[in-house]
Amino acid sequence: MAITLTDQDKLTLRTAAWGAVSLMSAAGAAGSAHRVATEGSIALTSATGPVGHVLAKAPKGVKYGKTVAALADQVLPALTASMNLLRQQDPAEADNFRSTVMVAVEASTGDHQGRPSPTLTDIARKITAALDAA
């Protein structure tokens, strides 16, 4: 099934996915925010299918705000909206998007002396809840 995404749809998907990586990076600031962002970015740029083509580049001109709360206020609803949008057009691509974001989240929570910090775990839970709210 072919999907048709407007420029606004693509911006929503990019804001959601790349914003999720930004949230994980902010939550991992006590360790290595750069490593968290790098691992998450690699996961997004490794995506395949129509979602992979959209996520191949980060969103331009998005202002996430100055706090993690402001970032979450944009990203979490965008994750839910992205899932709704993709489910309406192609449920398989919705699954691809969810899987891609979850791989980015898991990559971001990589080796933190054996387990992720409570902050990373909490942000990952919020991202998962936003994806599943659709």
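Biologist: Which residues of helix 5 are buried?
Modeller: This is a predicted model, where local features need pLDDT of at least 70, side-chain atom pairs count only at pLDDT 80 or more, and totals for chains, interfaces and linings use all residues. Residues are numbered from 1 along each chain as its sequence is written, and side-chain values use heavy atoms, leaving out hydrogens and water. Helices are DSSP runs of H or I, at least four residues, numbered from the N terminus, and buried means under 20% relative accessible area with a 1.4 Å probe, protein chains only (exposed is over 50%, partly exposed in between). For helix 5, that gives E93, A94, N96, F97, T100, V101, M102, A104, V105 and S108.

Biologist: What covers those buried residues of helix 5?
Modeller: Contact here means heavy atoms within 4.5 Å. The cover includes helix 1, helix 2, helix 3, helix 4 and helix 6.

Biologist: Which residues have the most contacts inside the largest nonpolar core?
Modeller: A nonpolar core is a set of buried Ala, Val, Leu, Ile, Met, Phe, Trp, Tyr and Cys residues joined through side-chain atoms within 4.5 Å. The largest one has 39 residues, and the elements giving two or more residues to it include helix 4 (68-89), helix 5 (91-108) and helix 6 (118-132). L79, beyond its neighbours within four places in sequence, touches F97, V101 and I127, among others. The residues with the most contacts inside the core are L79, F97, V101 and I127.

Biologist: How far apart are the end C-alpha atoms of helix 1?
Modeller: The expected span of a helix is 1.5 Å times one less than its number of residues. Helix 1 runs over residues 7-27, so its 21 residues should span 30 Å. The model agrees with that, putting the end C-alpha atoms at 29 Å.

Biologist: Which backbone oxygen lies 2.7 Å from a polar atom of the R14 side chain?
Modeller: R14 touches V54 and K57, among others. Its side chain reaches the backbone oxygen of K57 at 3.4 Å. The one at 2.7 Å belongs to V54.

Biologist: And T4, is that one buried or exposed?
Modeller: T4 is in the segment before helix 1, and its contacts beyond four places in sequence are D9 and Q89. Because its relative accessibility is 61%, T4 counts as exposed.

How values were computed
Polar contact = N/O pair within 3.5 Å; in protein donor to acceptor, adjacent residues only side chain to side chain.
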